[in-house]
Amino acid sequence: MDPRIIVVTSGKGGVGKTTTTANLAVALAKAGYKTAAVDGDIGLRNLDVVLGLENRIVFNLVDVVEGACKLQKAMVRDKRVENLFLLPAAQTRTKDAVSADQMLKLCDELRENFDITLIDSPAGIEQGFRNAAIGADEAIVVTTPEVSAVRDADRIIGMLESMSKSPIRLVLNRLRPAMVKSGDMIDVKDVLDILAIELIGVIPDDTSVVISTNKGEPLTLGDESLAAKAFSNVARRILGEEVPLLDLDAPDQKGFFGFLRKALGL
Amino acid sequence: MNFLARLFQMISKEKSKETAKKRLQLVLIHDRADISPEMMENLRRDLIGVISNYLDIEEEKIELDFSKEERSVALVANIPVKSVKRRTERRAEPA
């Protein structure tokens, strides 16, 4: 496989870019691919805490692009999973600390050293996003089934298209199947109709995500939850496998008693 | 959600999901065309001005909006015509 660089982005903040990046990075590394998780959010770094690697950071992305240290030296190796490395963002610098040219050069170097690189983009459509996306070949757009998030996703998709990223694929995060059923949440199909891009996965809204972030242990490390399974499936699809979408209905909504419970709204 | 709320929702006309979808589609048409409501109003006024030179139209019944397919957007105008002005009328106007 040729080395691949994928930017994970969304436009809107708080829809789960970093969680998605962390979980996919772990799953891809577990699948045997040498994986770099790059925090592209200079000044507001978060990927380190979501991955649980915040205590092991010495150097960061800005140090690398400024030539203060070698890429290998700045990459934090994850001891729980073989093949997984984090390039943290600088916390005490701003987005202006990195130029587009520097990012392109960094991406070339990442290509030489890793099978797959995931770049966690900052929210927004400004330079920070552009820097995160500029060196990537492909894009994963994360959105939630909310009007504001889908609207921003549309804007970002337009920008990614004009930057010739391909493929651009969608992760629909935090879907609540019960709400979809009752007609109070936009469905997968609605979102795809509106955004007209390829779907790469649907992640159910799951309390296990919050718990895993609390602990700094991405779900794909070994959690049994539905969300963990959904993230693993996205990773498999990235690797070209054909994996059917999960049945997201909670088990307690299946069968006769499930039907009764739903009918009574319990 | 309690039973009554559910029942009420079943009878009520539109689920919030449908409202969300419609609102999104509309807002995205404008986003994608990059046209503000103000610009839309100006466009409407200018269109009326130009068309009125040739046709007698019912201004208040004009429908002007975007329709979308995938990522492309079309401007659709429905302009009821009251009468067609006589050609001589137009020619008689000073150049």
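This is a predicted model: local features need pLDDT of at least 70, side-chain atom pairs count only at pLDDT 80 or more; totals for chains, interfaces and linings use all residues.
Residues are numbered from 1 along each chain as its sequence is written, while chains are lettered from A and ligands numbered from 1 in the order in which they are written.

Of the 95 residues in chain B, 2% are buried (20 or more other C-beta atoms within 10 Å of a residue's own, with C-beta atoms placed from the backbone). In chain A, by comparison, 13 of the 14 residues of H1(A) are buried. Just after H1(A), Gly32(A) has a positive phi of about 100°.

Now to a pair of helices from the two chains. The axes (lines fitted to C-alpha atoms over the stretch in contact, with angles from 0 to 180 degrees between N-to-C directions) of H7(A) and H2(B) come within 10 Å and cross at roughly 30°. H7(A) is therefore roughly parallel to H2(B) (angles under 35 degrees). Contact here asks for C-beta atoms, placed from the backbone, within 7 Å.

| Helix | Residues | In the contact |
|---|---|---|
| H7(A) | 147-162 | Val147(A), Val150(A), Arg151(A), Asp154(A), Arg155(A) |
| H2(B) | 16-33 | Ala20(B), Arg23(B), Leu24(B), Val27(B), Leu28(B), Asp31(B) |

Note on methods:
A residue is buried if 20 or more other C-beta atoms lie within 10 Å of its own, exposed if 12 or fewer, and partly exposed in between; C-beta atoms are placed from the backbone. Helices (H or I, at least four residues) and strands (E, at least two) are DSSP runs, numbered from the N terminus. Angles under 35 degrees count as roughly parallel, over 145 as roughly antiparallel, 65 to 115 as roughly perpendicular and the rest as oblique. Two residues are in contact if their C-beta atoms, placed from the backbone, lie within 7 Å.
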